[in-house]
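Look at the structure below before reading on.

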Amino acid sequence: MKNIKKIFLAALLIVSGLSTASAQDLIGISYNMALPSNSSTITDASFRGGNLEYRHFLNDNLSVGASIGFNYFNQSFGNKTFSSENSAISGETYENATSLSTLATAHYYLGNLGGIRPYAGIGIGAAGTYFTSQVGGVAVSDQYWGFAVAPEVGVIVPLGDAGVSLLSNVKYNYQTGAQGYDSVAYWGFNIGLAFDF
């Protein structure tokens, strides 16, 4: 948990360092629902996720920035028994995983400033997965980091003239495997608000 706080603080400092006085900057905050696409264990959707991002517009159609996102996945598999040659353990079985991504981003926009703007983008960086497997009262936890890429398509819809917009996108999050663990991939469905400044 301390590592997550340090990474989040570092990302906020980077985002604030990128900021300028330009009105062509925005900060987006969104709720995220995610659906695993390649997991051999957790297959249930996650309804506990979020994303914080900063975008700096280089011109009317192109922005660069940074984002930090997380999703918490959890699934129960009922009562199970696991046995070895000399022992056995039984109990309610759970798997949970928290995915944390820190990405540099670029987006290309269609439409005109002040109007509805569909866009496509990509994020490249690192992602960490923190997971726990539990049988009854016995739990095993581990974590690993890998390279991450996240292509996305979305739309920004202005909500009046106050510099606030609806931000919605669909993102495919992919993290390479590491330390003997498989890769992680999931679809993210985001909806939130973007604030111009």
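Which strands each supply at least two residues of the lining of the largest cavity? They are strand 2 (48-57), strand 3 (62-83), strand 4 (88-109), strand 7 and strand 8. The model is predicted, so local features need pLDDT of at least 70 and side-chain atom pairs pLDDT 80 or more, while totals for chains, interfaces and linings use all residues. Residues are numbered from 1 along each chain as its sequence is written, and side-chain values use heavy atoms, without hydrogens and water.

**Terms**
- On a 1 Å grid over the protein atoms alone, a cavity is a set of points where a 1.4 Å probe fits but cannot get out; a pocket is an open set with protein on both sides within 12 Å along at least five of seven lines; lining residues have an atom within 4 Å of a point.
- Grid points are joined across faces, edges and corners, and a volume is the space filled by probe spheres set on them.
- Strands are DSSP runs (E, at least two residues), numbered from the N terminus.

**Largest cavity**
- Its volume is about 100 Å³.
- Strand 3 gives the most to this lining, with three residues.
- Among the lining residues are Asn32, Phe70, Lys171 and Tyr186.

**Second largest cavity**
- This cavity has a volume of about 70 Å³.
- Strand 4, strand 6 and strand 7 give two or more residues each to its lining.
- Its lining includes Ser99, Ala127 and Gln175.

**Second largest pocket**
- The space in this pocket is about 310 Å³.
- Of its 20 lining residues, Leu113, Gly114, Arg117, Ser165 and Asp196 lie nearest the centre.

Notes:
Helix = DSSP H or I, 4+ residues; strand = E, 2+ residues; numbered from the N terminus.
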